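Hi,

Here is the structure I promised to pass on. Have a look first, and my notes follow below.

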There are 4 protein chains.
Amino acid sequence: MDMKFMLQLVEKGSVTVPSLLIEHFHDIGLNEQECMLLIQLHSFLNKGDNFPTFDDLASRMTFDETACADLLRHLIQRGFLSIVQKNDEQIYSEAYSLQPLWEKLLRCAYGKIIDAPSKHNED
Amino acid sequence: MDMKFMLQLVEKGSVTVPSLLIEHFHDIGLNEQECMLLIQLHSFLNKGDNFPTFDDLASRMTFDETACADLLRHLIQRGFLSIVQKNDEQIYSEAYSLQPLWEKLLRCAYGKIIDAPSKHNED
Amino acid sequence: MDMKFMLQLVEKGSVTVPSLLIEHFHDIGLNEQECMLLIQLHSFLNKGDNFPTFDDLASRMTFDETACADLLRHLIQRGFLSIVQKNDEQIYSEAYSLQPLWEKLLRCAYGKIIDAPSKHNED
Amino acid sequence: MDMKFMLQLVEKGSVTVPSLLIEHFHDIGLNEQECMLLIQLHSFLNKGDNFPTFDDLASRMTFDETACADLLRHLIQRGFLSIVQKNDEQIYSEAYSLQPLWEKLLRCAYGKIIDAPSKHNED
């Protein structure tokens with residue numbers, strides 16, 4: 001049994017992606033490439049890496065650093081992503097925030113529920 | 001507080017995607033569109049829906065049912081996906097299996113470990 | 001490389017437990033034993049097994065089937081769990097529902113936000 | 001729609017707990033209280049907080065800080081947990097490591113596969 005490799009499998013484990021994103025990325029105007037890039041960002045943020053480099057991100061995608069930078073800028077301009085200032089014990093740093101993405105997804109999913117003719121009355 | 005919507009948020013929750021796929025899909029020759037389609041399949045399989053329709057899948061993607069069917073066939077031909085027979089209490093059914101995908105990813109990640117010059121000796 | 005075992009590791013993967021439960025189980029009056037039993041139930045429900053037996057559950061816990069049945073009944077009486085009728089294509093079946101648990105947790109977490117003196121004004 | 005609360009729900013999301021732990025904690029000699037404490041630790045480690053205080057942990061459990069410290073020491077003595085030195089850009093810090101836990105669980109799960117009489121031959 002190759003313990004070292006298996007430990008890595010267990011410890012790296014899984015990335016949890018909100019079902020909202022998987023189910024509604026297309027509804028809010030994203031394509032698959034943009035969605036995958038946001039999933040990459042989400043996975044870095046999740047493990048406490050708040051500002052991965054273009055290279056970190058591009059190395060896991062089909063495109064290069066320049067294209068990655070362009071895509072990120074485009075996502076920020078369209079309001080899917082923002083960059084925020086963090087102030088952690090007097091150390092200032094920049095961090096990507098996916099809050100704009102989650103807001104769009106929540107509004108989209110909520111709108112669908114409101115619009116849906118309810119099958120039966122519920123309290 | 002809109003309890004009904006929030007219950008749905010909690011119950012639908014998150015899709016867990018193996019980090020192997022997020023980190024290495026490009027290394028094994030997939031592009032973002034193919035990867036997102038496999039993530040969709042994975043999310044259906046995870047909740048016990050073993051054979052989602054082309055329409056189920058395409059409705060969450062940027063392309064239509066025909067393109068979805070083509071892409072799935074292509075993934076099967078290239079050995080990323082298979083269709084297996086299930087026999088559950090005498091009821092036969094078909095199911096997608098992502099086992100070929102996980103095998104490719106495991107071999108890829110394992111190869112990288114073997115090839116990597118180790119920084120320090122470890123037992 | 002022991003492919004069969006590793007495939008199982010990847011395919012079984014992880015159970016996603018709502019952070020609400022991990023962080024607030026004590027606040028809503030559960031102890032660790034009850035919380036673990038509800039996590040077990042959640043993991044069965046998640047993969048589409050809606051009515052695991054007492055034996056399924058007890059085999060993963062420190063207590064036996066009888067104690068398991070008692071604990072489940074107790075959780076139902078205290079409003080953390082319910083049993084609902086499912087009607088799937090004319091086939092009736094029973095299913096555990098964790099909706100009462102999520103409702104309690106949502107009310108608890110929401111109450112804490114309302115009560116918390118906000119650090120700065122936010123819109 | 002209470003956007004602020006819902007954003008928090010989505011962003012906090014879920015804790016991913018390896019299925020190995022949920023299914024086999026009892027087999028490796030843990031009880032529910034110990035397992036829940038390790039799940040808490042895992043959730044802190046996952047989001048990059050490598051050394052939560054006894055108070056951080058105890059505030060989510062049914063016992064107090066002293067009992068929490070005792071339980072952690074006991075888990076370390078029994079080889080389920082370790083404390084390691086981290087050296088990140090010349091900054092030394094301590095971190096809990098769950099590697100001993102995952103090793104025990106992997107050995108346990110692997111042993112069960114080896115022992116199981118295989119239903120049919122597989123390569």
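Predicted model: local features only at pLDDT ≥ 70, side-chain atom pairs only at ≥ 80, totals over all residues.

E1(C) pairs with strand E1 (residues 14-18) of chain D, antiparallel, over five bridges. As an example to click on, C:Val15 sits opposite D:Val17 in E1(D).

**The interface as a whole**

How many residues does each chain bring? There are 36 residues of chain C in contact with 36 residues of chain D. The area buried between chain C and chain D comes to about 3300 Å², and carbon and sulfur atoms give 63% of that.

On the polar side, 16 residue pairs are in polar contact across the interface of chain C and chain D, counting pairs with both residues at pLDDT 80 or more. Several elements of chain C supply at least two residues each to the side that touches chain D: helix H1 (3-12), strand E1 (14-18), helix H2 (19-24), helix H3 (32-46) and helix H6 (99-115). H3(C) gives the largest share of that side, with seven residues. Sorted by class, the side of chain C that touches chain D holds 18 nonpolar, 11 polar and seven charged residues.

There are also four salt bridges across the interface of chain C and chain D. One of the salt bridges in the model joins the side chains of D:Glu23 and C:Arg60, at 3.6 Å from N to O.

**A hairpin within chain C**

Away from the pairing of the two chains, have a look at strand E2 (residues 82-88) and strand E3 (residues 91-97) of chain C, which run antiparallel and are joined by seven bridges. C:Ser82 has C:Ser97 in E3(C) as its bridge partner. Which residue of the hairpin takes a positive phi? That is C:Glu89, with phi near 50°, in a hairpin that has two residues between the strands E2(C) and E3(C).

Cheers

Terms used:
Residues numbered from 1 in each chain as written. Chains lettered and ligands numbered in written order. Heavy atoms only, no water. Pairing = 2+ DSSP bridges. Helix = DSSP H or I, 4+ residues; strand = E, 2+ residues; numbered from the N terminus. Contact = heavy atoms within 4.5 Å. Buried area = accessible area lost by both parts, 1.4 Å probe. Polar contact = N/O pair within 3.5 Å; in protein donor to acceptor, adjacent residues only side chain to side chain. Nonpolar A, V, L, I, M, F, W, Y, C, P; charged D, E, K, R; others polar.
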